[in-house]
Amino acid sequence: MSDSVFGRSQVERESALLTELTELTEHHRAHSVQYDRILASLGIEKGRRFDRLADLPWLPVRMFKTHDLKSIPDDEVFKVLTSSGTTGAGASRIYLDKEAAAVQPRMLGATLREVLGGKRLPMLMIDTISIIKNRRSFSARGAGVLGMANFGRAHVYALDENDQPDVEAVKGFLEKHGGEPFLIFGFTFMVWQYLYEVAKEHKLDLSNGILIHSGGWKKLIDIAVDNSEFRRRFAEDTGLTQIHNYYGMIEQIGTVFLEGPSGNSLYCPEFAEVIIRNPDTWEEQPVGEPGVIEVISTLPRSYPGHVLLTEDLGVVHGIDDGDWPGKRFSVLGRLPRAEARGCSDTFSGAVA
Amino acid sequence: MNDRLRAVFVDALQLDDDVDVESLKYRDIEAWDSVGHMALIAAIEDEFDVQFETEQVIDMSSFKVAVDMLKGLGVSE
């Protein structure tokens, strides 16, 4: 596993992925009656070969909110992940068996290794420790924080138990570890509010930090901070330049698309891929044309989440022409609600 | 080493005396969930003065695996 998961060119990864994803599609058909029914209703016969990744049948991500989709028997369900439902459709339910639960942190590790190396760095969490205090009911945020904790050591939380910035804790962390590489993790808007603002005010030096962050830009766009501005101001005011945003979702747990060192492009690890689709024709969009993001990953084996149409808009900026090989893309925001619902109505009928 | 490691497990995961520590596996019991795992790793590192790599933290799935990893890091007793 010490090999990079960002090594293969687009052509190499597509041919490897096509074989694996075709097999995975058959696997899910054989183990999930509902999934098989959906594919049958789309006129896709068993054993179908696909010429391109873009030809693989996808499920709208919303279906995991409305249906119990799993490819394992009930007695092998080891863990059920639920997402926070932001819309009326409720929360996604993602079923993992023991193997799936073990694979996902491993592949997340292989991905982040590209920017963190194998050593666990001292870690500053831009969150409150109380987020993980109630062990029985983690929020999605708590699960994210915990999942990342493996990658660091000597964890310090930047917010106290009452969700107030704990400037002394951050200062203490930097005094102890600020002279060597250290890891910072948090959700994008919290990183801005509780790290950037605090660091600027107290003139903290974050130049040895490596920031990993995720969670959407909505709250920041409202105050006119986009990804470029975020990077620029962190560099200017705190010295922090190693910044990696990532895009991922609970429905493909363990798979993250990671921003490269030069910024403003997300890259696919070799076991995953992204396809941008025209929302009218569903054809694959050419480079530079925005559309709906489809995410593909070899990780989902216990539930049919290997090819998912998201409710996010994105654009591919280029192929094999950036920091790492493969496609590089950006997420542009959420799809307007009505359109998103429209996409999945087509499918819901098939399994009702 | 086994005795010291057993004591670290019992202490970090707050186990009852009757738990068969040596056959424990990650996520088999409620106390050894991902929160417990973090506390356990930190406690083992303190006790044996070692530092695990990310992969080892992810792979430490049982008492036996922990013993092997410590041996690999040169801990002999």
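Reader: How close do the axes of α7(A) and α9(A) come, and at what angle do they cross?

Author: Axes are lines fitted to C-alpha atoms, for helices over the stretch in contact, and angles run from 0 to 180 degrees between N-to-C directions. Helices (H or I, at least four residues) and strands (E, at least two) are DSSP runs, numbered from the N terminus. In this predicted model, helix α7 (residues 188–201) and helix α9 (residues 227–238) of chain A have axes that come within 9 Å and cross at roughly 30 degrees. A crossing is left-handed if the near helix is turned anticlockwise from the far one by less than a right angle, and right-handed if clockwise; that of α7(A) and α9(A) is left-handed.

Reader: Which residues of α7(A) and α9(A) meet?

Author: Two residues are in contact if their C-beta atoms, placed from the backbone, lie within 7 Å. From α7(A), A:W192, A:Y196, A:A199 and A:K200 meet A:F230, A:R233, A:F234, A:D237 and A:T238 of α9(A). By class, this contact has 5 nonpolar, 1 polar and 3 charged residues (Ala, Val, Leu, Ile, Met, Phe, Trp, Tyr, Cys and Pro count as nonpolar, Asp, Glu, Lys and Arg as charged, and the others, Gly among them, as polar).

Reader: What is the handedness of the crossing of α1(B) and α2(B)?

Author: The crossing of α1(B) and α2(B) is right-handed. The axes of helix α1 (residues 2–12) of chain B and α2(B) come within 9 Å and cross at roughly 145 degrees. B:R4, B:V8, B:F9, B:D11 and B:A12 of α1(B) make the contact with B:A39, B:L40, B:A43, B:I44 and B:E47 of α2(B). That contact divides into 7 nonpolar, no polar and 3 charged residues.

Reader: How many residues of each chain are in contact with the other chain?

Author: In chain B 9 residues are in contact with 13 residues of chain A. On the chain B side, α2 (34–48) and α3 (54–59) are the elements that give two or more residues. The largest share, 4 residues, comes from α3(B).

Reader: Is A:S262 buried or exposed?

Author: A residue is buried if 20 or more other C-beta atoms lie within 10 Å of its own, exposed if 12 or fewer, and partly exposed in between. A:S262 counts as exposed because it has 10 C-beta neighbours inside 10 Å. A:S262 is found in the loop between β9 (257–259) and β10 (266–267) of chain A.

Reader: Where does A:G215 lie, and which residues does A:G215 touch?

Author: A:G215 lies in the loop between β7 (209–214) and α8 (218–221) of chain A. Not counting residues up to four places away in sequence, A:G215 touches A:F187, A:T188 and A:F189. With 19 other C-beta atoms within 10 Å, A:G215 is partly exposed.

Reader: What is the mean pLDDT of chain A?

Author: pLDDT is the predictor's confidence in each residue, from 0 to 100. The mean for chain A is 91, and 92% of its residues reach 70 or more. Over residues 348–352 of chain A, pLDDT stays under 50.

Reader: Which conventions apply throughout?

Author: Residues are numbered from 1 along each chain as its sequence is written, while chains are lettered from A and ligands numbered from 1 in the order in which they are written. As this is a predicted model, local features need pLDDT of at least 70, side-chain atom pairs count only at pLDDT 80 or more, and totals for chains, interfaces and linings use all residues.
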